[in-house]
Amino acid sequence: RLGIAALLLLPIELLRQRRLPKIKELGWSLLSGFFLALHFALWITSLAYTSVASSVVLVTMNPLFVTLLSWILLKERSGRGTIIGVTIGILGALTISWGDFASGADPLLGDILALGSALGASAYLITGRVARRTLPTNTYVAWCYGAGAIFLIAAMLLIGYPIKVYPAETMTYLILLALVPQLIGHTVINWSLAHLPAPTVAVAILGEAVGASLLAWAILGEAPTAMTAIGATFILTGILMAFKEMPPKNEAMVSRTKINPL
């Protein structure tokens, strides 16, 4: 997924810019790619040991971690509305996952991996928030996705997993994952990091659970349960509350220039 996205973006970026980003800018992009790779690797691995519901619940702690890290590292304090929105959004994710818990092969290990994945995703958003101070979206995502792919390939080689061409159907879905969730979904997220506080972006990402439920209904005929509907309502309410507290555009521009993670 990351490799295909990078192969599409990096040649265009290199031809357009004809130069590498500055060392500091490139460093933030590579660090962000590392955290993105960590998020994907730990989350996908956690599913082999714990239930989907347990994994999702722990990964959706991401907005809480982002809020704390934004305050500690970036000195960006979240207002009451954002904090309430984060809380309501997390409750919504918990509600959607409720009733789908299972023990799994090794629940403790799986839960630890999922929690680590949430921390990786949080660090990805925080470093992306810093990198997007100076880097345009297309430059940042090209190097970030490329770095993420390289880190994951290196991890596969170290562990001993074979790198191979998968069956045509599998490759088709991998290409679709690269084109839609990665090139469109994650790129929109990274564009938003230059315009919105990281906690607001993190809460908005919880909306993917709502979108997934609607797609499952439309494509797979899986009608949402009452708990799913209630959870979706919580998530949308949390997103609305976080967005209502957004600062005016001119204030947001000023705050972005003051970010100093060091």
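Modeller: I take the aromatic cluster made up of Phe 34, Phe 35 and Phe 151. This is a predicted model, in which local features need pLDDT of at least 70 and side-chain atom pairs count only at pLDDT 80 or more, while totals for chains, interfaces and linings use all residues. Residues are numbered from 1 along each chain as its sequence is written, and side-chain values use heavy atoms, leaving out hydrogens and water.

The whole structure holds 2 aromatic pairs, a pair being two rings of Phe, Tyr or Trp (its six-membered ring) with centres within 6.5 Å. Phe 34 and Phe 151 make an edge-to-face pair, with 5.3 Å from centre to centre and 80° between the planes; planes over 60 degrees apart count as edge-to-face, under 30 as stacked and the rest as tilted. Because Phe 34 belongs to helix H2 (residues 23–46) and Phe 151 to helix H7 (residues 137–159), the pair ties together parts 117 residues apart in sequence. Helices are DSSP runs of H or I with at least four residues, strands are runs of E with at least two, and both are numbered from the N terminus.

Phe 34 is partly exposed at 35% relative accessible area, and Phe 151 is partly exposed as well, at 36%. Buried means under 20%, exposed over 50%, and partly exposed in between, with a 1.4 Å probe and protein chains only. Helix H2 also carries Ala 41, which is partly exposed at 31% relative accessibility.

Next comes helix H1 (residues 2–17), where Arg 16 is found. Arg 16 is partly exposed, at 45% relative accessible area. Leaving aside neighbours within four places in sequence, Arg 16 is in contact (heavy atoms within 4.5 Å) with Asn 138 and Thr 139. The C-alpha atoms of Arg 16 and Thr 139 are 9.7 Å apart, for 123 residues in sequence. Leu 8 is also in helix H1 and counts as partly exposed at 40% relative accessibility.

Helix H9 (residues 198–205) is mostly covered, with 7 of its 8 residues buried; among them are Pro 199, Val 201 and Ile 205.

As for the protein as a whole, it has 12 helices and 0 strands. Its radius of gyration is 19 Å, close to the 18 Å that the globule rule gives for 262 residues, so the protein is as compact as a globular protein of that length. The radius is taken over C-alpha atoms, and the rule is 2.2 Å times the number of residues to the power 0.38. Of the 262 residues, 43% count as buried. Among contacts between residues at least 6 apart in sequence, 88% join residues at least 24 apart.
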